[in-house]
Amino acid sequence: MNLSSRQVNSLVNKALTGYTNARERQDIIEKIVHFGYSDEHLGEEIEIANQVFEKAQTQKLLYGDFTQLQKTFILRLNEEKKRYQGYRKMAKLKFVGNLFPFREILRINQPMKRTFSGFIAQASDLYDNIIKRPTILEKLQDIGFTIEKMQQGLDKIAELKQLESKKISIEGDAQRATRIREDAFNDLKNRFSSFVTASKICLEDFPQLREVLGIMERSSPIRKKKTAEPTDTTGTTDPPILNNINSSFFDITTNKGAVQYKKEESQTIENNQS
């Protein structure tokens, strides 16, 4: 379950609003106490909601620490890889021909390991063998290899291993804190859902009190009335029916027939009157 801080804060705020406002209104407590929501019980629910917020903050801090440490670790790892690759290339260029066996001793004739543990082992072997084998160091001194530099390489490798262990530890703490936060969130979600259900039942006839608890009724979406589709008369053979109008006078396209009929009808009426 991937929870965001916004989701946690939203639930906590809703719960605290409902519990706190219910506790401050005697007229509400009198009605919901039948479901076990006494002043004391509401106080316990408020404490649980506050604990969820605290657990979320702890998880956020630990995850932030892990993220920052992860960035530092990657940066240091890349730095040490670059250091080792430089010494590795110079040693390979030096140990050619009859000096080729020294490559095997320093493990630089093998491909560079991709895993963290493999890289640590290879780099440590290079630095450690050069320090412990004067013969090898003597042949590399003219290209800048010194005991001090090799020891510095070993020290950096040791620091990198400690950093990796710390990263793993904080990552584990952050993962545990995430599980604790999610369990607390789900528990509060169920508790507050029960409170809302009980409040709706007890305050069914008191919508203004439900609003005090932050329980807002969802209004149904207004649906637009469907309008009748216009009738398409294109291509029909039957003209519109008009009372007392001869179809021969009616022109479907221009309605001239209707105009003509009215004109003739009025003339007939005038003739009859005269």
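There are 10 salt bridges in the structure, where a salt bridge is a side-chain nitrogen of Lys or Arg within 4 Å of a carboxyl oxygen of Asp or Glu. Keep in mind that this is a predicted model, in which local features need pLDDT of at least 70, side-chain atom pairs count only at pLDDT 80 or more, and totals for chains, interfaces and linings use all residues. Residues are numbered from 1 along each chain as its sequence is written, and side-chain values use heavy atoms, with hydrogens and water left out.

Why would such pairs turn up at all? Side chains of opposite charge can pair when their charged atoms come close.

| Salt bridge | N to O distance |
|---|---|
| D142 and K94 | 2.7 Å |
| D125 and R107 | 2.5 Å |
| K156 and E159 | 4.0 Å |

Start with D142 and K94, whose side chains meet in a salt bridge at 2.7 Å, N to O. This pair links distant parts of the chain, 48 residues apart: D142 sits in the loop between α6 (134-140) and α7 (147-202), and K94 belongs to helix α3 (residues 39-94). Helices here are DSSP runs (H or I, at least four residues), numbered from the N terminus. D142 is exposed, at a relative accessible area of 54%, while K94 is partly exposed at 26%. For those labels, buried is under 20% relative accessible area, exposed is over 50%, and partly exposed lies in between (1.4 Å probe, protein chains only).

Next up, D125 and R107 form a salt bridge at 2.5 Å, N to O. They also link distant parts of the chain, 18 residues apart, with D125 in helix α5 (residues 116-132) and R107 in the loop between α4 (101-106) and α5. Both ends are partly exposed: D125 has 25% relative accessibility and R107 has 23%.

The K156 and E159 pair stays inside one helix: the two are 3 residues apart in helix α7, so about one helical turn separates them. K156 is partly exposed at 29%, and E159 is partly exposed at 40%. Elsewhere, salt bridges that share partners join E45, D187 and R191 into one network.

And which charged residue is buried yet has no salt bridge? That's R181, whose nearest side chain of opposite charge, E182, is 4.2 Å away; Lys and Arg count as positive, Asp and Glu as negative, and His and the chain ends are not counted. R181 is found in helix α7. Beyond its neighbours within four places in sequence, R181 is in contact (heavy atoms within 4.5 Å) with L3, V8, K55, A56 and Q59.
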